[in-house]
Amino acid sequence: MSQPNIRLIIIGDEILSGRREDKHFARLVALLKERGLALHSAQIISDDPDHVEAVLRQSFATDDIVFSCGGIGATPDDQTRQAAARALGVELRLHPEAAALIAERTKEQADAGQGQADMTLPENQQRLQMGVFPVGADIVPNPYNKIPGFFIHNHTFMPGFPVMAWPMMEWTLDNRYGHLHHLTVKAEHSFLAFALPESRITPSLEQLERQWPGVKAFSLPSVGDNQRRPHIELGVKGEPQACAEALAFLRGEVQRVGGKLTAID
């Protein structure tokens, strides 16, 4: 079974301005790796409604699995729900399950002395806006405070808060995409090469990919630091047996052209 691309969209002016630092990228990469999956690409975009709509319209036109973080609250700068509806050409509507969960959460807070449980109050009507989703969406459970995200057309929309978004990522990966876990076994190996200009080893990298078509070679040069002199991290990734053969070839090539080796894998 072929695997669709998995992408991440992070929405928020606060990320682009540097007021907040993104934490979702690293977490999603880790969650995917645990399940034998990998992230294909990621992008960070502004809260501008027209831009969000344009990005989502293009994204909905693919078969990709997409995780979107940010902008699903009920304040004026939260425009992701509205943009998603426009991109899909559907209306927004209060989701009944979301409404029930928001009312339940509101009552819990009222019982704890925070606000009132009467859902006709203006502030609680405003809270209900967080359950207004594009028609056709399903809810995504939020174990932190019960206010759900939503899922539609292979896109999972979550809040920007890691404490909420990360469990929602896990739930989606395990409950919607469990059939994709560990479909293929891949390996990745690398080592450090010293006293070797990248230009000298490049022909060997090209030869490697011709000889092992399913293996991808990589080269990550470093200018060095106080702990380590300048070097290149060279490696391979792909099917395990082919990777092992390609790695041995690459190590031999480094030595053949005058480089020195240090294993890191």
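Modeller: First, a term: axes are lines fitted to C-alpha atoms, for helices over the stretch in contact, and angles run from 0 to 180 degrees between N-to-C directions. Helices (H or I, at least four residues) and strands (E, at least two) are DSSP runs, numbered from the N terminus. This is a predicted model, in which local features need pLDDT of at least 70 and side-chain atom pairs count only at pLDDT 80 or more, while totals for chains, interfaces and linings use all residues. Residues are numbered from 1 along each chain as its sequence is written, and side-chain values use heavy atoms, with hydrogens and water left out.

Biologist: At what angle do α8 and α9 cross?

Modeller: The axes of α8 (residues 198–211) and α9 (residues 240–256) cross at roughly 160° and come within 10 Å. That makes α8 roughly antiparallel to α9; angles under 35 degrees count as roughly parallel, over 145 as roughly antiparallel, 65 to 115 as roughly perpendicular and the rest as oblique.

Biologist: Which residues make the contact?

Modeller: On α8 they are Ile201, Ser204, Leu205, Gln207, Leu208 and Gln211, and on α9 they are Ala246, Phe249, Leu250, Glu253, Val254 and Arg256. Contact means heavy atoms within 4.5 Å. By class, this contact of α8 with α9 has seven nonpolar, three polar and two charged residues. Ala, Val, Leu, Ile, Met, Phe, Trp, Tyr, Cys and Pro count as nonpolar, Asp, Glu, Lys and Arg as charged, and the others, Gly among them, as polar.

Biologist: Are α2 and α7 parallel or antiparallel?

Modeller: The axes of α2 and α7 (residues 162–175) come within 11 Å and cross at roughly 25°, and the two helices are therefore roughly parallel to each other. Among the contact residues are Leu28 and Leu31 of α2 and Trp166 and Met169 of α7. The residues of this contact divide into eight nonpolar, one polar and two charged.

Biologist: And what is the angle between α3 and α4?

Modeller: Helix α3 (residues 49–60) packs against α4 (residues 80–88) at about 50°, with the axes 8 Å apart. That makes α3 oblique to α4. The contact includes Val52 and Phe60 of α3 and Ala83 and Leu88 of α4.

Biologist: Changing topic, what is the volume of the largest pocket?

Modeller: The volume is about 900 Å³. On a 1 Å grid over the protein atoms alone, a pocket is an open set of points where a 1.4 Å probe fits, with protein on both sides within 12 Å along at least five of seven lines, and lining residues have an atom within 4 Å of a point. Grid points are joined across faces, edges and corners, and a volume is the space filled by probe spheres set on the points.

Biologist: Which residues are closest to its centre?

Modeller: Of the 22 lining residues, Gly36, Leu37, Ala38, Leu39 and Lys186 are the closest to the centre. The largest share of the lining, four residues, comes from α2.
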